[in-house]
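Please keep the sequence and the model at hand while reading.

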Amino acid sequence: MSDVTLTIDGRRVTVPEGTTIWDAAQTLGIDIPVLCHDPRLDPVGVCRVCAVDVGERTLPAACVRAVSPDMEVRTDTQEILAHRRVLTELLLADQPAVSQREQTTGDDKLYALAREVKVTDIPWPDQSERQPRGQDASSPVIAVDHQACIMCDRCVRACDDIQHNDVITRTGKGYSARIAFDLDVPMGESSCVSCGECVAVCPTGALTHQSLATTDAG
Amino acid sequence: MRLLSELESIQASTGALTDEALKAVAERRGIPLYQLQGLRSFYPVFRETAGAAHRIQICRDGPCRLHGQAKAKALAEALDDDSRIDVEYVSCLGQCDCAPAVAIDDKHYGTLPQASDIDVLLDRPNALERPAQPLAAPLPTDPYPTQTQHYTTSREWLARPAEQVIEALEASGLQGLGGAAFPTARKWSFTRAAEGGPRSVICNADESEPGTFKDRLLLEQAPHLIIEGMLMGAAVINADTGIIYLRHEYETARQHIETALEQARAQGVLGDNARGPGLAFDIELFISPGGYILGEETALLEALEDRRGEPRHKPPFPVTAGLHGGPTLINNVETLAAVTTILARGAQWWRDQGVGDYAGLKYFSVSGDVEHPQVVCLPWGSPVTQAIAACGGMRADRDLLAFSPGGASTPFLPASAADTPMAFETLREAGSGLGTGALFVVGTGRNLADVVITQARFFRNESCGKCVPCRSGSTKGVAMAYDAVNKGGRDISQPLSELHDTLMRTSICGLGQVALLPIVDALKTFPDDPSLKALQKDNA
Amino acid sequence: MKQFADSANATFSDLTETATLCPYCGVGCALNYGSDSEGVIHYAKGRDGASNAGRLCVKGRYGFDYAAHPQRLTRPLIRRDDAYPRGPLSTFSRANSSGPRKPGGIVDYAEVLPHFREATWEEALERAASGLAKVRDTHGAHALAGFGSAKGSNEEAYLFQKFIRTVLGTNNVDHCTRLCHASSVYALIEGIGSGAVTNVVRDVENAEVAVIAGCNPTANHPVAASFMKQAAAKGTGLLAVNVRRPGMASYCEQYCQITPGSDVAFYNAVMHVIIAEDLHDQAFINQRTEGFEALAKAVKPYTPEAAEAMTGVPAAQITAFARRLGQAQSAMFFWGMGISQHVFGTDNARCLIALALLTGNIGRPGTGLHPLRGQNNVQGASDAGLVPMYYPGYQAVSDASVRERFEQLWNVSLPEQPGLTTAEITHAALEGEIRGLYCMGENPFLSDPDMNQVRKALSSLDCLVVQDLFITETAEFADVILPASAFMEKRGTFTNTDRRVQIGRPVRQPPGQARQDWHILRDLAQRLGHDWDYADESAVFDEFVQAAPLYANLTYDRLGEHGRWYPCPDANSEGERVLFGDQFPIGRGRFVPAELGQAPDLPDDDYPLVLNTGRQLEHWHTGVMTRRSRALDALAPEARVEVHPSDAKRLGITDGSWTTLRSRRGAVEVQAHITRDVALGTLFLPMHFREAAANLLTTPELDPFGKIPQFKICAVALAPLSTPLTPPQPDAVSHAAG
């Protein structure tokens, strides 16, 4: 296992072979924005928000791409900022009006990204009326709103690779793909054991805790 | 047995993958239910319930839409109340020579029938009309006049060092004919040098792009050339496993391949000593459960590993880390057939076949507004006009308006470019590409906007959904285009171009990268086309 | 064109997050509660604790709202004069009651409360203190006993046992480990000299194989189970042995379904094969153990074929198991109630310990003995001396020099005689020898075996003081009920199954006039003439550390937010993850051979089936907390008895149908759930639901060493409910305020 030296935004860094660009950037204090990536999970590179310029025909996702010797990475060119904004807008276009995540735990990561890239207008059509994605209120503890889902695969990895409860999958294909439980049954009827890991990792209002706050008898 | 093959078998014998059937599979294999749901819902071959006794699938893409949009609609309406039949629109069936094409019961393919012919066809579906295909065995690139000489080339070349095979391919100038145009000799050399295992040779027989049906011809008429090409590949990269990944719509090809494999095994060409004493090689025929994306090489590998066909990130490339993580040689049907031809006839013979400095013979699938859509075999470097002429010229008194030379991912060029020699570099310089050599011809009077939006719509329909730019961008881009056509009011050329840039640069695979290109490029290339002008009308 | 409308929640920003722990199982997950200014908890978020790495399960994630339930005790209660002689007050608790068929049945306050009156703390404490003192002065200190809580903090446990020993003057103090791992702890102290785990749960990632014996971690230690499954996914071979199919069976390389009570035969046969095929670690045996010859001789008759007849597991499977274990470089042993809760539980544990010693699988990463501790502080409670035979730190009461040291530390003379254990206390009460009981955070009426006997025992007491959050079935018998603090209302240290000592922090105030448990203990002690004066919990902890060298070098400062393992060799160490690399506390480990025993209550023609009792994921023990959690109650509102499909068919029972389940001691009515998880001829009933109380059916016999009851086997009969069933009236527990 040898070390690799590369340059990120003009700064040199040396990291072990196999390190991802995202992790290497972290060591420099460069926090490349992400949505589908979380250090607890194996990276999947599907949201493309962390895409960086390494001088290739396309922009690789920093969270999955391993560094290579003398690689020159740029994380903050005008082009990259433009794509980051378009990707954020694409995801916001279909979001419900209110973020259930902001309401319950105050940590909607898509909203945080929107604030960071300063989204105002969303020039892409809202698909939510033509192809509504539906809700699932069958679980007593977890609220499912497919409309808010950005198919980041975090819940799938949390359920299958962290808790190994093996309930959640991506179902369908293309734009109509969403998540499903077991053989696509309502969550409350599935083998879900309500560990809540999916809610914990979900970056949007797709999976949130049903409100459990009760007031005191006094 | 492969999980996907087991699922295909259940689907074929019972008509569906019901929840009960999947629960039994899950229990027997000790796998979670979600895994089966992921597969059942991703691949178009699988259904949750059996549906009507018969199924008619109508192609909705490029050439078929051109020739039969109205007829298809009429047939679908006529059969709407017919409880015996489920009618659905599907993506390109690879039968563009039959345009407008249909499939009956997943087994019979031909031209869209009249509603009045349906009763007869349900009884005798192989009466479905198909045009005659001029090219038949032995094909122009087949070095063997009769079956008795099949595989004689490999018998000679297996005795030679692998480096000589690579040298011959290098000298021939052969490049990948599945669209990527990667120099074949170099790919074989890299894969040979890659370390570790398991080691596999895969023939990508999943051609699915609208207008592409040349591999179908080769698979039906000359499967032995492909088998022999794979055997040589196996010898060069030291692989014992071969897989032909075949799209399920190619039913006729499947039968011919199965027969050819049996014969090859009987002759000892495949088996325990195929590559030499104790050096085994055999080929599995795997039928894809469907979807254009499976032609993307890493999505294909995902399917072979019993997962949803969603492309992987590259690097690493299959050459070093492919099937089950080992070095994998993946080549297109035509490329593998050409390998056999080149080794049989010699690199120089191959070079001599092309026009001028171009090398070799190329199979072009020609469709659209030509008199007789078909596969033609022409020397490399032949101009587009020659391909059109070989198909009987333009159809129905139309002149040439535009053509897409290499499949749905290659932009349309105007009639003024029709003299361009058909080769990789020339068509790229002209602003398009050779791709697979699928020539889609559009005549004057056609709604060009509809044609290019349909191309983009194909990509949207076939998006696997894994990454944001493609999944979301292709849908919204196509929606914007339709809105502009149907409702108007906004010049979408700038936003569409911006969206296309993001797709082009950030999508994981080629599908997303080219999804909006047909529209965006046409807006630039055909500035005076009235149908395209509608997308640029700003009524603000 | 759509605009981005930021919907940051203004009220949300009022929530604070507090770093604390989960109140439930022994995994001891670290978490943050998000609460508002009124102390209402809105959510739980996993925190990166040493034992859980940010993970939680359903109970930790959603089961926090019981603390704010409207039925929380807020004022001291004193039994009304006309409520004597004492006895059960609710329909359910009475003998021979028809038993409610309604779901959601926790104690009906409307039935029970009228028999008590509210009192001031002054009056209640006086009543309690004088009541206990009167028993002591009339009948002697040994007529008194205390049940402490495994759910309270180390500080509370330490003070409780100190109270019973120094203020009341008896060693009759115990807690529910008696019902749980008492046999395991006995065997461990006997075998290697230490009752705690040798390797932490997450060490399973380093194990080539892991034996999962008599436990169902996905239900009872879900986060621990996630690490086991993760290890399995990466190549660790899980070898499960259980009467009932464990939830993680699909991750197991092998699952051996043994017949009830045959564990000794199984493990002896495994040892037989390991020795016969020379797979034992002779070097380790020579250097680190004693008694091998006797063990080898004892397991000789237990051939795989002989064991097949005794266990129902095919000989080839036993042999494969033994080889896999014997050939592995590293093996870890997890076990639970399926091993410990038998009259031969100690023998069962002895077998597992012997297996580890035999194969040299102790003292290295990826090896070791890990009895999965059930409650969040059962380890700490034992460590703090909440047991009749040990002072804090497992120092024997019967050892004169030890006692002298404690007499000096506590400045009081101490009783010499080791005390009685939980079930012994119940028996002694029936004999009239125990006449007063102080019960803190325990519910023996539901948790102890043979409920009818327990009812009689509690009824016979002269004085019963109960300190708890809610009125429990046990509290129905009390003279005085003292309202106490819930987990999220107190500050204290808690020791989990990994030996990790972590600090739990309060998020809210106890409601009404409810008080901190340790303040109540202090006040009672002062009333009885003992000058207890602690500045805060940290000071109590410091005294505990002084008393128990096991906890040396730990202080609140050093524990901080992350905690440490004990033993902690010095101020800067994080503590020891893996123990006994060189030698055991007793020097050499001891092989203690075991012979196959027989359960006391075996099937016959009248009671032909074997009943297994245990836990399920959503609930906790006697349901006092979890059935008052809106989420947990919604997820699992009712009991089900698990029945094999063939048994069900034969008996005319269908999924969900009502049945009568009878043992020689009592009967319950409960709906059936058909599943292949239970073996033919066996049933499974969870212990959490009082309306289908498992302990109405269980037998009271005890393991002679660990004194733990035979919860896992009794003979029962199952039949469809004969009388026509009127539709059950759902007696939904009101979760609304007021």
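## Two domains of chain A

In this predicted model, the C-alpha centres of domain 1 of chain A and domain 2 of chain A lie 26 Å apart. Domain 1 covers residues 3-76 and domain 2 covers 87-124 + 132-217, with bounds that come from an automatic or database domain assignment. In contact (heavy atoms within 4.5 Å) are 14 residues of domain 1 of chain A and 17 residues of domain 2 of chain A.

Between them, the two domains of chain A bury about 1,200 Å², and carbon and sulfur atoms give 64% of this area; buried area is the accessible area, taken with a 1.4 Å probe, that two parts lose on being put together, summed over both. On the side of domain 1 of chain A, the residues L35(A), R40(A) and L41(A) supply 50% of the area buried against domain 2, more than any other three residues. There are 2 salt bridges between domain 1 of chain A and domain 2 of chain A, a salt bridge being a side-chain nitrogen of Lys or Arg within 4 Å of a carboxyl oxygen of Asp or Glu. R40(A) also takes part in a salt bridge with E197(A), at 3.1 Å from N to O.

## How the model was read

Residues are numbered from 1 along each chain as its sequence is written, while chains are lettered from A and ligands numbered from 1 in the order in which they are written. Local features need pLDDT of at least 70 and side-chain atom pairs count only at pLDDT 80 or more, whereas totals for chains, interfaces and linings use all residues, and side-chain values use heavy atoms, with hydrogens and water left out.

## Chain B against chain A

Chain B places 46 residues in contact with 44 residues of chain A, and the two chains bury about 3,700 Å² between them, 57% of it on carbon and sulfur atoms. Of the area that chain B buries against chain A, 22% is supplied by Y34(B), K476(B) and R505(B), more than any other three residues.

The salt bridges between chain B and chain A number 6. K476(B) forms a salt bridge with D94(A), in which the closest N and O atoms are 2.8 Å apart. Another salt bridge pairs the side chains of R170(A) and E310(B), at 2.3 Å from N to O. R170(A) lies in strand 7 (residues 168-171) of chain A and E310(B) in the loop between helix 12 (297-304) and strand 9 (328-332) of chain B, so this pair joins two chains; helices (H or I, at least four residues) and strands (E, at least two) are DSSP runs, numbered from the N terminus.

## Chain C against chain A

Here 45 residues of chain C are in contact with 49 residues of chain A, and the area buried between these chains is about 3,700 Å², of which carbon and sulfur atoms give 52%. The residues of chain C that lose the most area to chain A are K2(C), F4(C) and Y62(C), which together account for 21% of what that side buries.

Across the interface of chain C and chain A there are 4 salt bridges. D6(C) forms a salt bridge with R115(A), with 2.5 Å between the closest N and O atoms. Over all chains, a search of the whole structure finds 85 salt bridges.
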